[in-house]
Amino acid sequence: MNLSPDQKIIWQWDFVVINSTIVTTWALMLVMTALARLITRTLKTEGAISRWQGFLEIVVTTIQKQIQEVGLQNPAKYLGFIGTLFLFIAVSNLCAIIPYYDPPTGSLSTTSALAISVFVAVVLFGIEEQGFLGYLKTYVKPTFIMLPFNIISELSRTFALAIRLFGNIMSGTMIAGILLTITPFIVPDFMSLLGLLTGMVQAYIFSILAAVYIAAATQTREA
Amino acid sequence: MDSMTLIAIVSIITAGITIAVGSIAPALGEGKAVQAALSSLAQQPDAASTITRTLFVGLAMIESIAIYCLVISMILIFANPFWNHVIAPSAGR
């Protein structure tokens, strides 16, 4: 029984290995980009808008409102990054309903990549907002002795982001698989329903935590 | 008792104890968090969205401790490197 879709190899040639994670990630990226392109081909600002455009507007404005409530003053700047995180994780977990599909977020490689990109984004947004020296100075607040603890807390936050998402999705798919061998037909349905719910919650949690970390790194010292 | 049997016994028992003991404290913590959220919702229903969002974020952080224990337990049962190492000579055929 393999623990992650990394082990499911679709095609191999010499040292190039195409496993299920790569295939599903690229397929999701292509489908989401194609759908977005199709829907925004005919954007209207007044009159009757199509249902798909209304749906996209709801999604974008909700994410923007959530970013603003976290405390980031200029949500449009962070909307691209945080919205992408939420949409990618949400769609990849929601598609678990499709048979023979393994969510790519159930592999530690994908979640580590997402967590590392959050870490890099926090550093970059912090430097952009407070300058290079200003951002480095936040590591020695409140006293100089806190420097190793601040660094460790940064690294452990990244680690926790990756493991949280990986653990939730991997255990969801694995429990559904185990239940299929014991009590097929009805009981695995409830477990996969629960898996869909936790997938949505984990997507929300990941993006909100990313927003909170960015807000903590970009807040200017107020009086 | 040879090493293969010993590894199997210890892995199975540890996997069970890990998830059993490891989910006690997160469950208690989540109960306290929801209790505090409910009482503050009763006191200030206007701040419901902020309280709910903070509650969910806090619950996810507490839940991740239980998830760590679950991951270790799953690794011990399904992807145990020590078991694979002692099984390898007989499965290599």
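This briefing covers the chain contact, a strand hairpin, the nonpolar cores and a helix pair.

The model is predicted: local features need pLDDT of at least 70, side-chain atom pairs count only at pLDDT 80 or more, and totals for chains, interfaces and linings use all residues. Residues are numbered from 1 along each chain as its sequence is written, while chains are lettered from A and ligands numbered from 1 in the order in which they are written. Helices (H or I, at least four residues) and strands (E, at least two) are DSSP runs, numbered from the N terminus.

**Chain A against chain B**
- On chain A, 12 residues are in contact with 11 residues of chain B; contact means C-beta atoms, placed from the backbone, within 7 Å.
- Helix 6 (147-182) and helix 7 (187-218) of chain A each supply at least two residues of the chain A side.
- Helix 6 of chain A gives the largest share of that side, 7 residues.
- The chain A side holds 8 nonpolar, 3 polar and 1 charged residues. Nonpolar covers Ala, Val, Leu, Ile, Met, Phe, Trp, Tyr, Cys and Pro; charged covers Asp, Glu, Lys and Arg; the others, Gly among them, are polar.

**Hairpin in chain A**
- Strand 1 (residues 9-13) and strand 2 (residues 16-19) of chain A run antiparallel, joined by 4 bridges; strands pair if DSSP finds at least two bridges between them.
- Trp13(A) has Val16(A) as its bridge partner in strand 2 of chain A.
- The hairpin has 2 residues between the strands, and Asp14(A) takes a positive phi near 60°.

**Nonpolar cores**
- A nonpolar core is a set of buried Ala, Val, Leu, Ile, Met, Phe, Trp, Tyr and Cys residues joined through C-beta atoms within 7 Å; buried means 20 or more other C-beta atoms within 10 Å of the residue's own, with C-beta atoms placed from the backbone.
- The largest core has 33 residues, and those with the most contacts inside it include Ile82(A), Leu85(A) and Phe206(A).
- Helices 2 (51-70), 3 (75-94), 4 (108-130), 6 and 7 of chain A each give this core two or more residues.
- Helix 7 of chain A gives the most, 10 residues.
- Another core, of 5 residues, lies apart from it, with Ile67(B) and Met74(B) among its members.

**Helix pair in chain B**
- The axes of helix 2 (residues 24-43) and helix 3 (residues 48-78) of chain B come within 9 Å and cross at roughly 175°. Axes are lines fitted to C-alpha atoms over the stretch in contact, and angles run from 0 to 180 degrees between N-to-C directions.
- Helix 2 of chain B is therefore roughly antiparallel to helix 3 of chain B (angles over 145 degrees).
- Their contact has 12 nonpolar, 3 polar and 2 charged residues.

Note on methods: Two residues are in contact if their C-beta atoms, placed from the backbone, lie within 7 Å. A residue is buried if 20 or more other C-beta atoms lie within 10 Å of its own, exposed if 12 or fewer, and partly exposed in between; C-beta atoms are placed from the backbone. Angles under 35 degrees count as roughly parallel, over 145 as roughly antiparallel, 65 to 115 as roughly perpendicular and the rest as oblique.
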